[in-house]
Structures are given as C-alpha cells and as structure tokens.
Amino acid sequence: MTGETQQRSRQTRAVSAAVFLALFALFGYFLRYAIGPPLLYYQHCPVFLTGADYLKGFLSRPGGLAEYATLFLDQFTFHPWAGTVVITGVTVLVCLCTRAILVAARGERVHPALWYLPAVLLLMLHGQYDYKLMTSVSLLVTLACAVGWMKLPLGGTLRRLALFPVAAVVLYGLVGGMVVLFGVVCGVFEWVRHRRVVAGVVCMLFAAALPGAFALVSYEIGALEAYAPLLPFRIGVVLRYSAHLTVPGVPPLELLSRLMTLRLVLFLFFPLAMVASANRHRWVRLWRRIARRPAAVATGKPRWTVLSLIPFLIVSVVLVSWTHDRVRKKQLRVGYYAQHRNWKGVLMVASSLPPERHDSYVMHEVAKGLYHAGRLPDKLFAFPQKVGVDSLMPSGLWESFHDAMLLKNSALWLELGAMNCAHRSAHIAHELYGDRPELLKRLVRIHLLEGDVELARILLRRLKRNPVQRASAEAWLERIDDGSLMESDEVLRLASSRMLTPAAGPTRLTPPEARLERLLAEHKDNRMAFEYLMAYHLLCSAWLPACLDKAAQALGRLDDFRDEKTGGPYYRGIPQHYAEAMIVRESQGKGLPAVLAHRKLDEKARAQFADFQRRLALFRSATDPDAKSEAQRTLVNSHASSYFFYREFLYSVAPVLETAETPAAHRKLASVLARQRKYDKALGHYRKAFSLAGDVDGQVHAGIGYCLLHLGRLDESVAASRRAVAINPKSAAAYRNLADALELQGTFAESIRTLTQALELIPEDLGLRSDLAGVLATAPYAHLRDGSRALRLAEAVCWETDSPTPQMLDVLAAAYAETGRFKSAAETARQAASLARETGNAALAQEIDRRRALYLKGIPFRIAPPRTGLPPK
C-alpha cells in the first residue's frame with residue numbers, strides 16, 4: 001500500500017469517525033432537550049433496590065436478568081445528562097452490533113446509513129414515551145449473542161444445530177422472548193451466508209417454539225408473558241389506554257398502533273436488512289437490466305458522501321420530528337411538575353395543551369395547581385371542564401377501575417388532611433406499584449402524621465436501597481432524629497394543621513362531598529377543603545340543581561379564612577366563579593343567601609351575564625348557517641371560560657361549540673334533562689338526535705328507552721332498549737333499562753335472563769351484577785328467587801368497589817334477609833340509609849328505612865307482583 005493510499009485511508013477513517021460522533025451527538029441532543037430523560041423516568045418510574053433479596057426475584061423468570069440490568073440503568077434517567085449518556089450508549093452498541101451482523105451476512109462492508117437506521121428507530125420509539133429501555137437492552141444482548149454465534153468457528157451444519165438449542169435456552173433465560181429474534185437472525189445468516197436452508201429453518205422454528213414450550217410447563221408464566229419483550233405491544237398497554245387515555249378525537253388504538261408499528265419495524269429491520277445487504281449485487285444487476293444500463297464495476301468501500309449523508313439527515317430529522325408525541329410530552333410535564341410542586345409550571349404547560357387532550361389526570365393536577373396559585377375560585381373554568389368527568393377527586397368505582405388515580409388521590413387526601421383516605425389509597429397503590437420513591441415518601445409522611453415513627457424509619461431505610469434516593473432518605477432520617485422534618489417539609493406542615501382525628505376521619509363509604517364537609521367541620525380554616533367543596537358543587541350543578549343551593553350555603557364560610565401574611569380576610573369580595581353561580585341562582589328567583597348580605601356581587605359579573613344571555617339568544621335564534629357560525633364564534637370567544645357557559649353547554653373552553661342541531665349536542669342536553677328528571681323534554685331531544693343521526697346510535701336508543709321507562713310507557717321502552725342492545729351488545733345502560741322495563745311488566749324470568757346475558761358479555765359491570773342480585777333476592781315468586789346466588793353477587797359488588805352506593809348496600813341487605821341473616825340485613829340497611837342521606841337522597845333513605853323495619857321483624861322484602869291477574873312469569 002503506497003503512502004498516498006494510506007493517507008487517503010486515514011482521512012476516510014477520520015471522516016467516518018467524525019460523522020459517527022456528530023450523528024450520535026445529534027441523537028443525544030434531541031434525546032436530552034426534545035424528549036427529556038426525566039419524563040421517561042416519571043412515566044415508567046422504575047423501581048430498583050440494592051441487595052441480594054431483590055435480585056433473587058428476577059432470577060426465577062426468563063428475561064429477569066435483562067430486566068434487572070435495565071432497572072439499574074433506568075435509574076440514571078432521573079438525571080437529564082446521565083440518562084442521555086446511558087440511552088445513547090445503549091443505542092451506539094446496538095448500531096455497532098447491527099453493523100457486525102450485516103457485515104457477517106454480506107461478507108464485506110455495508111453502507112453506514114444501513115446500520116445507523118436502528119438509532120433512528122429507537123429515537124422514534126423513545127419519542128412515544130411508552131417505550132421501555134428494557135427492549136433496547138434485550139435487543140443489544142440478543143444482537144451481541146448473534147454476532148458471537150456468527151463468528152464462532154463451529155464447523156459443519158450438524159455441530160451448529162447441536163449447539164444452537166443450548167445457546168437459545170441460555171439466551172432465553174437472559175432476555176426472555178427476544179430469543180425469537182436471535183433465532184430469526186441466526187436462521188437468516190445460515191441461509192444467506194452459507195446457503196444452509198434447513199439449518200436456518202430449524203433455528204427459526206426452535207427459537208419461536210421455545211417461549212411457548214416454557215409457558216406450557218410453567219405455572220407462573222403465561223403465553224403472552226413468555227414472549228415478552230419481543231411482543232410489538234407491552235402487556236397491559238391495551239387495557240390501560242382504553243381505560244385511561246380516552247381523549248376525544250384521538251382514539252386510544254390510534255396512539256397504540258403507532259407504537260406497535262414502530263416496534264414491528266424495529267424487529268423486522270434486522271432480518272430484512274440482512275437479506276437486502278447479502279443480495280445487494282443481485283438488486284443492482286436487476287436495476288441496471290431494467291434501466292438498460294451497462295454493468296459497472298463497484299470500486300472502493302461503502303462510505304458516507306455528501307450526497308448520502310445530507311438526505312439521510314433530512315429523512316431522519318423529518319421522521320423523528322413527525323413521530324415525536326409533543327402533546328403526550330406536555331401531559332407528562334404536567335404530572336412531573338406537580339410531583340415536584342412546581343404549580344406555576346403545571347398551569348403554564350396545561351394552558352398550552354389542546355382542550356381535547358385535557359384528560360382526567362391533567363385536570364386533576366390543574367385543580368391542585370390553581371389552588372396553590374390562589375386562582376381556583378376564579379379560573380376553574382378557564383381550563384377545560386366536562387360534565388361527567390370526575391377529575392377533581394375521583395373516587396368510588398372510577399378510582400377502583402383506574403389504579404393510577406390511587407397515586408394522585410393519596411397525595412390529594414394527604415394534603416387535605418383526610419388521613420384515613422390517604423392511608424388506604426397509598427397502601428393499595430404500594431401493593432400495585434411497589435417501592436416507588438415518591439410513594440414511599442408519601443407513606444413516610446402519612447405514618448409520621450399518624451405517630452408511627454418507627455414504621456416511617458423502616459420505609460426510609462428501604463428507600464435508602466434505591467441508588468438515586470439514598471442521599472434524600474439519609475437526610476430525611478437525620479431530620480426525623482432531630483425533629484426538624486415536620487417544619488421543613490411543606491406537605492407535612494400543611495397536613496398536620498388540617499388532619500382529622502382518626503375517629504372523625506371519613507371512610508371508603510363516605511362520598512367526596514361528605515368527606516370535605518367533615519374536614520371543614522373539624523378545621524373551619526381548611527381553605528383547600530372549602531375551595532374543593534365549592535368546585536365540586538359548581539361542577540355538579542350543571543346536572544344537579546340542588547348543588548347550586550349547597551354552593552350558596554357553603555359561601556357562608558368565606559369569613560372563616562384569614563390571610564397568613566396580613567391577618568385580614570382572605571376573600572375580600574366574592575370570587576369570580578362564585579359570583580357567577582350566585583347570579584345564575586338569582587336569575588332563578590332565589591335571591592342571594594342571607595350569609596352574603598354584607599357582600600356585594602360584582603356589577604361587572606352581572607353585565608357579563610346579561611351579555612352572555614344576549615349572545616346565547618342570538619345563537620339560538622340564528623337560522624342562517626353563516627350567522628349561526630358567527631354567533632357561535634363570538635359566544636365562545638367572550639364567555640367560554642365562565643360558569644355561565646359551562647352550565648349551559650356542559651363544558652368550558654371548548655375548541656368547537658357543538659350547535660343545537662348536531663346529534664351529539666341533543667344527546668348531551670337530553671342526558672342532563674334526564675338527570676334532572678325532566679323526562680318529557682329529554683325524550684324530545686333524544687328523538688331529535690335520532691332523526692339527525694339515524695338508526696345507528698345505540699346511546700340514543702338507550703336514552704329513549706330510559707325516558708320511556710320513567711314515563712311508564714313500558715312496551716315502547718322495551719322495544720327501544722332491545723334496539724339499543726342490538727346496535728351495541730355491550731351497552732350496560734341498555735341492558736339495565738330493558739331488565740327494569742321487563743320487571744315492571746311482571747316478566748321477572750325474562751328480566752333475570754336479560755341480566756344474566758348482559759353479565760356474560762360485560763362481566764366487569766358492577767351495576768349489572770347488583771341489579772341481578774336485587775331481582776334474585778326480591779322477586780315475588782319463590783321459583784325465581786335464589787338467595788345464595790344473590791348474596792354472592794351483592795357481596796362481591798360491595799367488596800370490589802371502593803365506595804359502594806346506597807343502592808348497592810340496599811341490595812346486599814335484601815340478599816342477607818333472603819338468606820335469613822336479618823341482623824346483618826338490618827345493619828347494612830342502616831348504613832345504606834345513612835349514606836343516602838349524606839348524598840342528599842332523602843327519598844331513597846325513607847324507602848330503605850321501610851325495608852329495614854321489615855328486616856327487624858324477621859321479614860324479607862319482596863317486590864309486589866303485577867296487578868294483571870296473569871300467572872307468574
């Protein structure tokens with residue numbers, strides 16, 4: 001080799017090294033500043049503890065060691081630059097292994113763009129925020145083993161086939177289901193490099209069957225878990241998205257399909273790239289034959305040129321930017337800032353989110369941010385609020401079905417001072433999510449407030465085993481010893497001044513409204529409980545008129561709060577949304593409550609209400625489409641962040657105002673009217689929605705059936721409910737309406753069959769189970785009653801829900817009575833009646849009291865048979 005050739009070779013290597021460093025510097029820059037490793041840590045919250053006992057839990061399952069190593073590496077993502085270095089380093093190694101595999105398959109070097117592609121794909125996956133580093137680590141180990149397999153001098157086909165099962169079994173223990181990719185890569189190598197088709201097929205089949213065979217003999221690993229993390233989706237993702245991320249306009253499966261597609265492309269890239277690179281000369285000859293160009297002799301080695309590097313960069317930047325989920329990033333930033341009590345950041349980021357992407361988690365954190373900023377009474381409706389979305393303090397069935405909300409609720413109840421609720425939610429979350437650092441700290445705070453200092457120390461010693469949190473845990477232990485933690489920690493200081501005595505604390509049977517009332521009853525200066533109670537009343541008043549009166553009564557507490565800095569009154573006037581609510585109440589002819597006699601409503605708010613009424617009348621009376629659109633625009637721009645707008649249209653800060661002539665608008669209005677027991681008006685709007693949408697909307701048919709049921713038109717209700725079930729066989733509301741109508745007609749057997757059929761399709765619906773238990777316990781005919789089955793259903797319902805409703809407890813009492821347990825029946829009925837009174841349902845409480853009187857006499861409750869003279873059905 002001449003000196004000139006050596007000089008050119010050194011220059012080429014220097015350019016390649018410079019491009020290598022520059023590309024991965026760009027990778028790290030985008031990862032650090034656009035994606036943000038701390039957001040990945042917040043999203044996944046990886047739990048890692050030092051010690052042999054923690055490691056033992058990973059050794060008993062396939063892929064455990066890779067998971068253990070990943071959890072260790074994940075701890076570095078807590079710090080921005082450390083996380084960037086770790087993720088970039090893993091990606092660099094994946095690309096180098098890809099290069100070695102492609103060179104081994106082809107027998108010569110390949111163009112760098114081909115083995116840089118995995119870095120682009122991995123960056124796109126990290127930009128979805130649901131991709132776990134474990135897949136990258138498992139992929140790296142798998143590719144490294146494949147490189148070793150290709151380079152080992154194993155000799156002939158039989159020897160390679162004999163050693164492959166051993167290598168695959170060992171690798172399966174390390175990386176789990178990723179062994180399938182190892183088998184595919186090795187099989188393709190045997191085929192394209194050595195033309196051993198049979199050996200290649202055997203490698204692929206053995207690796208593909210290995211996880212399934214392990215699942216067959218294992219009592220702990222199912223078929224899906226056996227193939228993780230090779231699966232294009234993460235186990236549990238489908239369930240979580242369908243339950244939590246119900247964002248209007250962005251279906252859960254759309255977001256999930258992007259992640260699935262990228263993972264599939266990543267896994268399929270390696271065998272396809274091997275085949276393509278190994279047959280490159282064939283593709284070139286085919287192209288030249290088609291283009292009728294003379295064959296050219298390839299000279300030099302594949303390397304970067306300006307004509308290849310610039311297009312690669314442009315395409316990579318476009319793909320990574322296009323797939324980066326910026327809205328999801330903002331949602332995570334809201335939670336991240338809330339966890340670090342950066343309330344200004346919470347409100348700033350939430351205000352930049354599209355209204356349709358304000359899910360329940362974002363709205364929950366926004367409410368806390370507004371309170372800490374002192375703006376909850378004035379700016380609640382400046383952020384998107386929706387009727388029926390229990391985002392302020394989710395509880396009951398909603399919290400039971402959404403485990404992640406336990407984490408947020410435990411923090412909320414701790415700050416409010418409801419220690420019973422905070423204790424229970426935090427411990428359930430600990431059972432579900434393990435030793436998450438923030439959760440351990442929350443449990444430490446709870447036990448310190450409860451006086452259990454020793455248990456708090458035990459939890460902190462466990463937190464010390466987390467490498468990232470060791471220094472923080474040691475500092476907390478020192479402050480516990482010197483007694484300064486209660487004063488230095490803001491959450492502890494606030495909660496200690498508000499906490500209830502254990503005997504007075506609310507329980508899981510207490511509804512949110514009553515919990516807040518109890519907090520205020522013991523600490524009348526608990527401003528957070530007051531503002532949350534008022535927000536709760538205002539949000540519910542759109543469909544429960546009585547809540548507006550409760551809000552008016554609660555305003556008498558305005559004088560109970562003092563400014564900590566000046567010592568004067570905290571509320572010098574009536575806050576904006578409170579004033580708007582009182583003006584609406586005043587327009588109903590009720591006047592201001594006496595407790596506000598010394599306060600005046602802002603005349604500016606009265607003027608805004610008059611303007612809202614005027615613009616609303618113009619919007620409703622407009623018939624020309626252009627005029628209606630203009631009236632809609634001005635109404636939204638002027639009043640979309642007011643209580644007036646929310647009460648009228650059932651949401652605030654709407655991106656597009658649904659006009660009165662859309663099926664959705666009529667359906668929403670009908671739903672509110674039905675809740676207000678205005679069934680005639682609700683039925684009219686449901687029929688209007690039907691005329692606009694056609695015979696395709698199961699919700700409309702279910703609503704029609706519900707209204708007809710309460711109007712006593714049973715035959716029509718049955719027909720409408722059957723149609724709703726036919727359109728949507730998984731509509732619990734339609735089945736419930738149909739069963740109720742059949743029961744009122746006296747066809748109890750068919751009602752039982754309907755509910756049984758519904759539970760076969762919707763087994764998780766607690767309302768249907770409770771209804772079936774009620775019919776089985778109280779049917780008027782002995783051959784239809786089944787007390788033992790009714791009791792099993794009713795007990796399961798009350799056990800599975802966090803806060804059983806009065807109706808559920810009433811059914812449980814009836815089931816106790818049917819099985820002869822009258823003492824339990826009377827006690828359960830007493831709890832149900834008490835809960836009904838707490839929730840403002842005095843009529844239901846009186847009905848339950850009448851049934852309780854029967855139980856005290858040893859008489860079970862029976863539904864009265866229909867007065868038709870017909871034989872029992």
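Trainee: Which residues does F530 touch, not counting residues up to four places away in sequence?

Mentor: F530 touches L520, A554, L555, R557, L558, F561, Y571 and Y578. Contact here means heavy atoms within 4.5 Å. A word on the model, which is predicted: local features need pLDDT of at least 70, side-chain atom pairs count only at pLDDT 80 or more, and totals for chains, interfaces and linings use all residues. Residues are numbered from 1 along each chain as its sequence is written, and side-chain values use heavy atoms, with hydrogens and water left out.

Trainee: What makes a set of residues a nonpolar core?

Mentor: The members must be buried Ala, Val, Leu, Ile, Met, Phe, Trp, Tyr or Cys residues, joined through side-chain atoms within 4.5 Å. Buried means under 20% relative accessible area, exposed means over 50%, and partly exposed is in between (1.4 Å probe, protein chains only). The largest such core has 101 residues, and W413, L416, L516, F530 and Y532 have the most contacts inside it. Helix α29, residues 527-540, gives this core its largest share, 11 residues. Another core, of 82 residues, lies apart from it and includes C95, L122, L143 and F164. Helices, by the way, are DSSP runs (H or I, at least four residues), numbered from the N terminus.

Trainee: Why is V86 called buried?

Mentor: Its relative accessibility is 14%, and the limit is under 20%, so V86 counts as buried. V86 lies in helix α5, residues 80-106. Leaving aside neighbours within four places in sequence, V86 is in contact with L73, F76 and L133.

Trainee: And what is the relative accessible area of N737?

Mentor: The value is 6%, which is under 20%, so N737 is buried as well. N737 sits in helix α39, residues 732-745. Its contacts, apart from neighbours within four places in sequence, are A702, G705, Y706, L709 and S721.

Trainee: What makes a space count as a cavity?

Mentor: On a 1 Å grid over the protein atoms alone, a cavity is a set of points where a 1.4 Å probe fits but cannot get out, and lining residues have an atom within 4 Å of a point. Grid points are joined across faces, edges and corners, and a volume is the space filled by probe spheres set on the points. Searching the whole structure gives two cavities of 30 Å³ or more.

Trainee: Which residues line the largest cavity?

Mentor: The lining consists of L40, Y41, H44, P46, D74, T77, I87, H126, Y131, K132 and L133. Helix α2, residues 37-44, gives the most, with three residues.

Trainee: How do you know how the lining residues of the largest cavity divide into nonpolar, polar and charged?

Mentor: Ala, Val, Leu, Ile, Met, Phe, Trp, Tyr, Cys and Pro count as nonpolar, Asp, Glu, Lys and Arg as charged, and the others, Gly among them, as polar. Under that scheme, the lining of the largest cavity divides into six nonpolar, three polar and two charged residues. The second largest cavity, of about 30 Å³, has a lining of six nonpolar, one polar and one charged. Its lining residues are L376, P377, L380, E531, A535, L538, H577 and Y578. Three of these come from α29, the largest share.

Trainee: What makes the pair D489 and R445 a salt bridge?

Mentor: A salt bridge needs a side-chain nitrogen of Lys or Arg within 4 Å of a carboxyl oxygen of Asp or Glu. For D489 and R445 the closest N and O atoms are 3.0 Å apart, and the pair forms a salt bridge. D489 lies in the loop between α26 (485-488) and α27 (490-498) and R445 in helix α23 (residues 437-449), so the pair ties together parts 44 residues apart in sequence. Both D489 and R445 are buried. By this rule the count comes to 33 salt bridges.

Trainee: Why are R736 and D771 called partly exposed?

Mentor: R736 has a relative accessible area of 23% and D771 is at 25%. Partly exposed is the range between the buried and exposed limits, so both residues belong there.

Notes: Helices (H or I, at least four residues) and strands (E, at least two) are DSSP runs, numbered from the N terminus. On a 1 Å grid over the protein atoms alone, a cavity is a set of points where a 1.4 Å probe fits but cannot get out, and a pocket is an open set with protein on both sides within 12 Å along at least five of seven lines; lining residues have an atom within 4 Å of a point.
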